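Hi,

Here is the model I promised to pass on. Have a look at it first, and then read my notes below.

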Amino acid sequence: MKLLVFKVMNELFGIESQYIYRIIDDSKVTPVCLTPECHEGLLYHRGEVFDVINLASFFGYPKKENIVNERIIILKWINKKMAIVPDDIAGMIWMEDNSEDKADYNYDGHVVRLLNPDDIWKKLTGLSHGSNKI
Amino acid sequence: MDLTKYEKIFSQESDKYLKELDDLLLNVEKDLSNQNLWTEIHGKIHSIKGMARALSFNRISDLCHLMEEWCLKFQKGASACSAASVQLIFDGSDILRSLVSKSGRIESLDEQKSYNTIIAKFQKSPEEYTEKNRNGAPAPASVVQPKLASIDHVKIRYSHIEELLGLTQEIQLLVKRFPPLLQDNLSAGLKNWVDHYNTLMKTLYFQLAQLRLMSFGDFADLFQKSIRNIAREHNKGVNVQVLGSEIQADITILERLREPMIHIFRNCIAHGIESPEERIGRNKTAEGRITIEAKSEKESLYIIIRDDGRGIDKSDIMRHLKEKQSLLDNDLNNMTEEEIFNTILSPDFSTAKATSDLSGRGIGMSVVAQTIEYMGGSLSISSILGKQTEFTIKLPISLSVIYAIVFTVGKHTLAVPTLNVQSIGRLYEHSENNAGLFYDLRKHIGIGDSEKRLSSFLTLKYANPPAGSESEMNGLKLLAETIIGNRPLMVLPVGDCLSKIKLYSGIGIMENGDICILLDVDNLP
């Protein structure tokens, strides 16, 4: 199983490569009011609009300001699409499919937590809208 | 009354019917006594006649009427059809095409002569005409010389458009990343060249993106065969009428609607439209009719599917609600008719074993409704018992280009469709006294620095003014920080994540690729 591994608040997370559409940088994200705090805004890329989610904020941490070399990971899967912003991208790794416990993987002594985009999506759409984003 | 719009619709619809008529004539030529084909041919001509009559295009309706009489005879087997008769109907179709393109006008002596000749021929009986042509030596020649239609369309794969769009965007990004072009000390000539190049690339992208639009007429055509097959499965006859063929919608949205629409058609045919015998008993035509209509209102696309079948008995639904969901009479009395019909769409209704008349309507409709809701749209049902059932799919704005006034408030770029703006003005110091008339979005949705003075405003006009406040709300002045201008926007749906926010009606992409949020002025908080 190929995973894209990235860092959020010094923890490592991984997403299966099948969900990754593109990784881009230097792209304009347009903020949208009345969205949950973790919603950074909208990204227009190759004719499509993506909701951009800041992962640190999504996990309940304060947003990391001034991220150096911010990269956006665009995810696309069955009928769904979104973009996520980690604090940093570590790279692609190959892991043996651990069928017993699909949540955590050990990579070089570090724990990599597997994220399922569907879970992020479900939680995101369940968040309340209407909070002030100034 | 301006009839131009209706003439355009007439022309588009008639062209479609005439094309179908020619296809049917080609088939009937191989099977002259096929009464089903004659029924279909009759239906096409009848549809053109009906529309022509409504617009007082008498030449067209008169010719259609005579052609119909012939078809009726072949349909009922009252006259034997010959190859010469089919050729004459082909000729009639060519003349109709010519008349339709000129809104029923005849512009030359030759055209008048052709028209008179064909009318005279159709005034004879088919037998008389065939007999005459048998005795006369040559085979009937076409009375008109149809012009060869020019090839003005090509078919391309949708994925090819996506690839082109992607490449265009890549080229735009290349310019941004080529370091020499980002230097401040570029020569004026080179800078102009880069700017011009950028503008052209953005325009190219904007134009290419519009290739993603598909006409509703073409989309509706995709269902014709399925509807026919479903109708045959149920031993029923169904005519399909398409309205609003000219409406354009995003192919990605239409693609996702195909399954739900097939499901609705299946419901209409299986449970709405009665058997031919039952219909005749109710003084209806033996064949049912399904109308598929597209309308574009405000920033929504409406697709309406209507059958002229038995309708849904409201009292059966109410009985179901009382028995299965334990609703009291009082609860039912407080429900609107729309709410009652829409209970059919709830999962409870689908899984419950309702009365036999209703069960067919419910099964799977909740899945259809969920699919449409997932797209940010809604499905509603209305019905008149014994007459019709109507399914209305409302979808958020499809990909299209509209003009909108783009403005900023704080760091947010927003837009209001130009149709909803009466005027734009500047707010001077002395206008402060009228502060009550002004609407400051910052205070209502908490954006930007609410202390900063905003100096521009848009005077709004509403498509649907809020109830009870029409005079007050119409003319509301929406404050803005900077008015960017009246811009063409490529509009995309808001997507699942933002669809909960009723204030947004779409996402606008400006020609430079920047995003702005389209506001639904009827839903200002």
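A salt bridge here is a side-chain nitrogen of Lys or Arg within 4 Å of a carboxyl oxygen of Asp or Glu. Please keep in mind that this is a predicted model. With that rule, 1 salt bridge turns up across the interface of chain A and chain B. The partners are Lys28(A) and Asp514(B), whose side chains meet at 3.3 Å, N to O. Because that distance falls within the 4 Å cut-off, the pair qualifies. Polar contacts between chain A and chain B come to 4 residue pairs, with both residues at pLDDT 80 or more.

E5(A) gives the most, with 5 residues. By type, the chain A residues that touch chain B split into 12 nonpolar, 10 polar and 7 charged.

How big is the interface, then? For chain A and chain B the buried area is about 2800 Å², and carbon and sulfur atoms give 58% of that. Three residues stand out on chain A: Cys33(A), Tyr44(A) and Arg46(A) supply 24% of the area that chain A buries against chain B, more than any other three residues. In terms of contacts, 29 residues of chain A are in contact with 30 residues of chain B.

Now to chain B by itself. Chain B has 525 residues, and 47% of them are buried. Its secondary structure amounts to 21 helices and 16 strands. If you take the contacts in chain B between residues at least 6 apart in sequence, 69% of them join residues at least 24 apart.

Some individual residues in chain B that I'd click on:

- Lys44(B) sits in helix H2 (residues 35-54) of chain B. This lysine has a relative accessibility of 14%, so Lys44(B) counts as buried, the cut-off being under 20%. Beyond its neighbours within four places in sequence, Lys44(B) is in contact with Tyr17(B), Glu20(B), Leu21(B) and Leu24(B).
- Ser103(B) is in the loop between helix H4 (83-101) and helix H5 (109-123) of chain B. Its phi is positive, about 50 degrees, although Ser103(B) is not a glycine. With a relative accessible area of 18%, Ser103(B) is buried.
- Asn235(B) lies in the loop between helix H10 (216-233) and strand E2 (238-243) of chain B. Asn235(B) also has a positive phi, near 55 degrees, in a residue other than glycine. At 64% relative accessibility, Asn235(B) counts as exposed.

Why flag those phi values? Most residues other than glycine have a negative phi.

Last, the cysteines. How many disulfides does the structure hold over all chains? The count is 0. Take Cys71(B), which is in no disulfide: the nearest cysteine sulfur, that of Cys81(B), is 9.0 Å away.

Over to you.

Key:
Residues are numbered from 1 along each chain as its sequence is written. Chains are lettered from A and ligands numbered from 1 in the order in which they are written. This is a predicted model: local features need pLDDT of at least 70, side-chain atom pairs count only at pLDDT 80 or more; totals for chains, interfaces and linings use all residues. Side-chain values use heavy atoms; hydrogens and water are left out. Contact means heavy atoms within 4.5 Å. Buried area is the accessible area (1.4 Å probe) that two parts lose on being put together, summed over both. A polar contact is a pair of N or O atoms within 3.5 Å; within protein, one must be able to donate a hydrogen and the other to accept it, and residues adjacent in sequence count only if both atoms are side-chain atoms. Helices (H or I, at least four residues) and strands (E, at least two) are DSSP runs, numbered from the N terminus. Ala, Val, Leu, Ile, Met, Phe, Trp, Tyr, Cys and Pro count as nonpolar, Asp, Glu, Lys and Arg as charged, and the others, Gly among them, as polar. A disulfide is a pair of cysteine sulfur atoms within 2.5 Å. Buried means under 20% relative accessible area, exposed over 50%, partly exposed in between (1.4 Å probe, protein chains only).
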